[in-house]
Amino acid sequence: MKCLQLITIIVITSLGVNGQSLFEKGYFIDLQGKKTECYIKLEDWHNQPGIHYRMKSKDSKLEEISRIKEFGVKEDLKYIKVKTSIDISGDEESLLSLEQNPEWQEEELFLRVLVEGKISLYAFEVKGMKRYFFNEDSAQVQQLVFKRYKTHTGVQTNLTYQSTLFNLFNCMDSTMRYFNTIKYNSTDLTKVFETINSCEGAPSTIYETTIETMVIAGSMPFTETKKRAGSVDLPEKEKLIPLTNHYLGIVANQLLRQLFNFGGGNSSFNAPYLLQYAINSKKNGKGGNIGLTYDKNSFTDNSNGTTRNTINSNFSYRMGYDYKKDWGKRWIGIFGVDFLIDKSKSKTDNPAQVGGQGFSIESSTKGWGFGPRFGLLFRISDKVLLGTDASCYVKSSKSTQIIPGQPNSNQKFTTFNLSLPVALFLTVQLR
């Protein structure tokens with residue numbers, strides 16, 4: 001460590017011989033909103049009364065820190081002034097507090113911008129203390145609480161920042177277990193906030209340079225050394241951020257009857273759409289839904305000594321708009337508008353009678369329709385949900401019956417079907 005410090009001092013000293021190498025192109029904005037383009041000296045601004053700057057070849061000037069509300073160096077480093085509450089207890093062993101809760105003190109701080117977007121992340125670092133802050137849009141800047149404190153059994157840690165991220169910015173529907181793995185450092189938090197902005201469909205700017213990096217690098221272009229947050233340890237495929245939720249559901253009335261031993265007979269439960277699939281945007285909940293059912297059965301009956309064989313087949317399909325809205329952490333409301341197609345067919349074979357011939361009777365129905373659908377999902381676990389829906393469909397159908405030796409019978413009719421929420425869907429959120 002001492003060797004590294006010595007090398008850093010030597011590098012900074014050698015750069016100081018050529019004053020130009022310690023000045024980088026930047027800007028500052030005063031309290032009146034005036035922006036000044038200039039060259040800013042790279043130094044530890046926390047220990048300076050202001051920033052040293054100069055205009056091209058002119059002599060260095062000092063702009064007092066109290067008169068500045070924002071400044072930046074090139075496009076790599078940015079600071080803003082905010083008035084906010086900060087936990088003033090230190091992080092080093094000798095500075096640890098006996099209080100578990102934050103010890104708030106209102107201060108006017110210069111925060112280094114790490115992520116700038118709809119949801120922004122900031123850092124404040126001085127010797128013995130490191131704090132991270134956030135805000136959404138133009139809301140008040142708040143601290144993410146992390147605090148080490150002393151107890152009679154040793155040193156404990158207040159990790160409130162993890163539950164804050166879980167409750168406020170869980171756009172990926174991740175479990176608390178995931179947020180418990182997020183460390184209180186710039187790498188982990190930058191990655192999380194970049195993900196949050198991407199999930200919200202909002203662009204973000206990442207500032208990963210520190211003053212130490214820029215001083216040691218001298219006038220080397222930052223683009224040659226810049227890395228994206230989290231790019232060192234993550235496989236390439238894990239950097240992809242899914243922007244949609246996928247839901248696969250199946251009617252589970254009979255399964256639940258067996259599992260919970262509900263009373264009643266063992267008669268089958270007929271639901272119009274046994275299988276459902278939906279895809280919805282994580283950002284706004286909009287998407288599409290598909291439901292379908294297909295079944296085929298046959299049976300034989302004996303009437304007056306005549307054995308007849310009947311085959312039935314039914315197909316129902318719907319597709320349309322689907323909107324999901326989170327109601328708290330457990331409930332999801334659903335609204336949809338669907339287009340329907342259904343088809344059924346029945347064929348009965350009658351055997352030949354004595355002195356006669358066999359014949360078949362066929363009947364079929366084709367229909368289409370549309371209408372709204374309303375539903376509700378309850379999240380049993382992170383990926384398993386139980387839901388139901390109701391619909392109001394208007395359907396137009398045509399029925400045909402064919403009997404040998406007789407004219408075909410055709411009927412057209414329109415129906416209004418109100419389906420109550422009696423079918424329960426066991427749904428898996430695929431991702």
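A residue counts as buried when its relative accessible area is under 20%, as exposed when that area is over 50%, and as partly exposed in between. Keep those cut-offs in mind as we walk through this predicted model, beginning with a pair of charged side chains. R67 has a relative accessibility of 48%, so R67 falls in the partly exposed class. Its partner is E63, and the two side chains meet in a salt bridge with 3.8 Å from N to O. E63 has a relative accessibility of 10%, which means that E63 is buried.

Before looking at more pairs, let us step back to the chain as a whole. The protein chain has 6 helices and 22 strands. Of its 431 residues, 37% count as buried. Take the contacts between residues at least 6 apart in sequence: 57% of them join residues at least 24 apart.

β7 and β8 form a hairpin, with 2 residues between the strands. The two run antiparallel and are joined by 3 bridges. R112 takes part in this pairing, with A123 in β8 as its bridge partner. On to the next pairing: β8 and β9 are also antiparallel, and 8 bridges join them. Here L121 stands opposite F134 in β9. How many of the 8 residues of β8 are buried? The count is 6, so β8 is mostly covered.

K118 pairs with E136, and their closest N and O atoms are 3.1 Å apart. This pair links distant parts of the chain, with K118 in the loop between β7 (104-116) and β8 (119-126) and E136 in strand β9 (residues 129-136), 18 residues apart. K118 has a relative accessible area of 27%, so K118 is partly exposed. E136 is partly exposed as well, because its relative accessibility is 33%.

In general, side chains of opposite charge can pair when their charged atoms come close. The structure holds 18 salt bridges. Another one of them joins the side chains of D322 and K324, at 2.8 Å from N to O. Are D322 and K324 buried or exposed? Both are buried. They also belong to a network of salt bridges that links R318, D322, K324, D338, R373 and D389.

The largest share, 5 residues, comes from β19. By residue class, the lining of the largest cavity divides into 9 nonpolar, 7 polar and 4 charged residues.

Conventions:
Residues are numbered from 1 along each chain as its sequence is written. This is a predicted model: local features need pLDDT of at least 70, side-chain atom pairs count only at pLDDT 80 or more; totals for chains, interfaces and linings use all residues. Side-chain values use heavy atoms; hydrogens and water are left out. A salt bridge is a side-chain nitrogen of Lys or Arg within 4 Å of a carboxyl oxygen of Asp or Glu. Buried means under 20% relative accessible area, exposed over 50%, partly exposed in between (1.4 Å probe, protein chains only). Helices (H or I, at least four residues) and strands (E, at least two) are DSSP runs, numbered from the N terminus. Two strands pair if DSSP finds at least two bridges between them. Ala, Val, Leu, Ile, Met, Phe, Trp, Tyr, Cys and Pro count as nonpolar, Asp, Glu, Lys and Arg as charged, and the others, Gly among them, as polar. Contact means heavy atoms within 4.5 Å.
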